[in-house]
Amino acid sequence: MLPDSLQAILDSATPPDDARQSAVVYCENNFTRIDGKTANGLVRSSERYRILSVIDSTLTGEDAGTALGEAAAGIPIVADLSAALTAADTLPDVLIFGLAPLSGLMSEADRAVVLAAVAAGVGVVSGLHEFLADDPEISAAALASGVALHDIRRPRPTKHLRMFDGAIDSVDCVRIAVLGTDGAIGKRTTSTLLTQALNDAGIHTVMVGTGQTGLMQGAAYGVALDAIPAQFGVGELEGAVLAAYEGEHPAVIVIEGQGALSHPAYLSSTVVLRASRPQAVIMQHAPARRMLSDYPQVRMPSPLSEIELIERFGKTRVIGITINHEDMTRAEVTAAIARYDAELGLPATDALWHEPTALVAMVTAAFPALKEGKQLAMA
């Protein structure tokens, strides 16, 4: 269960129900798992959608929040699309594809659910690499039913993409990137909670999303980084950070990380570091994870080796560690925090299990002027 103060943060980030589209989240056989991270994140918080139910026949009857090991969310898990539509008071606005498979593609079973939703008059939101609107059968069905298809990962036309131009140097505020030692390790969740915690502490903070889930949750600034052609990735993210600064003039910008700098298959962390030039990094790590999540033949890096790589490549500093507690007890998390403090000289916390004040303390210890500025503003 989340601490009361952390639950209050998540609740305060949620607008009235009538301001959001109603949504059913499809996550068959993967809710609470790594490939269900989009669904997991939307259950935890969403400014854009009001989640009515989650589809996963393996967890039918459970509350989605409880299934995640947290407070009850009032979101039932149902067996299939038919059950989701029957349980809804009115026809949902959208079906959200809540799976994030390594391939970024639908299975035939997934495709059947999407087509059934469209036939029922429900729009579809997808963060996959294959675009629904480019699929002749799905797009024709959507046109016939009069529903919209939303491909979150679709980049802007190439002629409108932005090249890096160094404008990041004009962003005169603290920039903190949340990176990690693996993909699907909780960077987005920590970024969201860190942003809310700093704002609740009186430090004006904006998050820049870099993945499909963060954009679905309602991040006002960001790009689906892994869908941008490599030549434009740094410039597009630089532009998103610049837009956040010019639009909000915050004291802090939190940049959601992707993948891991040491990861053999992903390049996104290099783009995050090049584009945002963060003065600091918070690193997410899963101490009980022995092998990379999607590459079980590759061992996880140690926190120390990842820190050294980040600091050397990014010309920045790691100011703290946040723990993904998968397969860990609370006692083991407490022991890991003590170990990182002793071995690495860094503060650590579990952003989901511990009070958000620990995240704020991590940042204000590294940037004391933020605390002083808050106190002056409150005086």
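**H9 against H10**

I started with helix H9 (residues 230-248) and helix H10 (residues 268-276), which pack at an angle of about 50 degrees with their axes 8 Å apart. Axes here are lines fitted to C-alpha atoms, for helices over the stretch in contact, and angles run from 0 to 180 degrees between N-to-C directions. H9 and H10 are therefore oblique to each other; angles under 35 degrees count as roughly parallel, over 145 as roughly antiparallel, 65 to 115 as roughly perpendicular, and the rest as oblique. I noted the crossing of H9 and H10 as right-handed (the near helix is turned clockwise from the far one by less than a right angle). On the H9 side, the contact (heavy atoms within 4.5 Å) is made by Gly233, Val234, Leu237, Glu238 and Val241. From H10 come Val271, Val272, Arg274, Ala275 and Ser276.

**Ground rules**

This is a predicted model, so I kept in mind that local features need pLDDT of at least 70 and side-chain atom pairs count only at pLDDT 80 or more, while totals for chains, interfaces and linings use all residues. Residues are numbered from 1 along each chain as its sequence is written, and side-chain values use heavy atoms, with hydrogens and water left out. Helices (H or I, at least four residues) and strands (E, at least two) are DSSP runs, numbered from the N terminus.

**H5**

Next I checked the length of helix H5 (residues 108-119): at 1.5 Å a residue, its twelve residues should span 16 Å, and its end C-alpha atoms are 16 Å apart, which agrees. The expected span is 1.5 Å times one less than the number of residues.

Which residues of H5 are buried? I found Asp110, Arg111, Val113, Val114, Ala117 and Val118. Seen down the axis of H5, these fall within an arc of 160 degrees, so they line one face of the helix; the arc is that of the directions from the helix axis to the C-beta atoms. On the other side of H5, Glu108, Ala109 and Ala119 are exposed. Buried means under 20% relative accessible area, exposed over 50%, partly exposed in between (1.4 Å probe, protein chains only).

The cover over the buried residues of H5 includes strand E1 (21-26), helix H4 (81-87) and helix H6 (136-145). Just after H5, I saw that Gly121 takes a positive phi of about 90 degrees.

Most residues other than glycine have a negative phi. Asn29 has a positive one, near 65 degrees, and Thr32 has one of about 80 degrees. Asn29 sits in the loop between E1 and helix H2 (37-44), and Thr32 is in the loop between E1 and H2 too. I logged Asn29 as partly exposed, at 35% relative accessible area, and Thr32 as partly exposed, at 37%.
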